[in-house]
Amino acid sequence: MPRVAVLRFPGTNCDQETAYMLREVAGVEARVVWHTEYRWRDWDATVVPGGFSYGDYGRAGLLASWSPAARQLREAAENGAPILGICNGFQVLVEAGVLPGALLPNEGGRFVARWLRVRVHSPRGPWLLHVEPGAVLDMPVAHAEGRFYHPAPGELLRSRPWLEYLENPNGSVADVAGLASEDGAVLGLMPHPERAASPLQVPRGRRPGGHPFFTSIGEALRRGW
């Protein structure tokens with residue numbers, strides 16, 4: 001059975017539900033791994049879940065990006081290993097240089113927590129295997145520093161999968177809700193797929209838009225990604 005690490009830093013708080021959805025929806029073995037014990041070669045894929053690593057001291061994801069675990073993530077990405085960063089996990093991947101750009105405080109300076117819709121562009125790779133181009137997915141967001149910035153977003157997004165807010169909650173440039181490496185092996189996003197992976201989690205009028213992220217990685221790993 002494929003094995004997936006759910007990486008936990010001090011302040012991570014979405015690790016258990018992420019591991020649960022990996023087991024129940026993706027059908028893989030998933031374990032929460034403390035950051036000092038993480039070695040990427042021990043796992044078939046890695047998820048960096050949401051939370052407030054190191055209390056967001058300095059800025060979200062900064063201190064985690066200085067850890068030995070971040071060096072492991074960079075090495076994993078260089079070797080094509082699947083990595084998913086959710087919310088604070090996305091911030092960690094950006095701060096660590098695994099994904100490009102920056103995640104800044106929300107426009108308006110307020111914490112945003114609500115459901116919204118995103119459109120998926122150019123899906124490919126192990127996390128988006130079951131997502132059609134242009135698919136619209138419902139998921140919740142909950143963050144204070146999720147405003148994506150890049151000086152040349154048009155050029156950046158032309159060559160890689162990315163997620164577009166249909167209702168931009170934070171002022172992200174080009175309405176970016178998430179983006180991947182060019183081959184799709186590494187994906188970071190501010191919405192929370194682990195909170196939208198089952199119909200039981202979804203409010204009236206919404207659909208479980210996080211479900212295909214988990215079914216995709218399960219099938220991709222079983223195929224031998």
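Helices (H or I, at least four residues) and strands (E, at least two) are DSSP runs, numbered from the N terminus. The model is predicted: local features need pLDDT of at least 70, side-chain atom pairs count only at pLDDT 80 or more, and totals for chains, interfaces and linings use all residues. Residues are numbered from 1 along each chain as its sequence is written, and side-chain values use heavy atoms, leaving out hydrogens and water.

**Sheet**
- Nine strands form an open sheet with mixed pairing, in the order β2-β1-β3-β4-β11-β10-β9-β6-β7. Strands pair if DSSP finds at least two bridges between them.
- β2 (29-34) and β7 (136-143) are the edge strands, each pairing on one side only.
- From one strand to the next, the twist averages 20°.
- β6 (residues 112-121) and β7 run antiparallel, joined by eight bridges. Here L116 stands opposite M139 in β7.

**Helices on the sheet**
- α4 (residues 88-95) lies across β3 (45-48), β4 (83-86), β10 (176-180) and β11 (186-189), at about 115° to β4. Axes are lines fitted to C-alpha atoms, for helices over the stretch in contact; angles run from 0 to 180 degrees between N-to-C directions.
- α6 (residues 211-223) lies across β1 (3-8), β3, β7, β9 (162-165) and β11, at about 105° to β7.

**Helix pair α1 and α6**
- α1 (residues 15-26) packs on α6 at an angle of about 65°, and their axes are 9 Å apart.
- The crossing is right-handed: the near helix is turned clockwise from the far one by less than a right angle.
- T18, M21, L22, V25 and A26 of α1 meet H211, F214, T215, I217, G218 and R222 of α6. Contact means heavy atoms within 4.5 Å.
- By class, this contact has six nonpolar, four polar and one charged residues. Ala, Val, Leu, Ile, Met, Phe, Trp, Tyr, Cys and Pro count as nonpolar, Asp, Glu, Lys and Arg as charged, and the others, Gly among them, as polar.

**Annotated site**
- An unreviewed UniProt entry places the feature "active site" at C87, H192 and E194. They span 108 residues in sequence, yet no two of their C-alpha atoms are more than 10.9 Å apart, so they gather at one spot. Such annotations may be inferred rather than shown by experiment.
- H192 is found in the loop between β11 and α6. H192 is buried, at 1% relative accessible area; buried means under 20% (1.4 Å probe, protein chains only).
- Not counting residues up to four places away in sequence, H192 touches C14, G50, I86, C87, M139, P140 and A142.
- E194 lies in the loop between β11 and α6. E194 is buried, with a relative accessible area of 0%.
- Leaving aside neighbours within four places in sequence, E194 contacts C14, E17, T18, M21, I86, Q201 and F214.

Technical notes. Buried means under 20% relative accessible area, exposed over 50%, partly exposed in between (1.4 Å probe, protein chains only).
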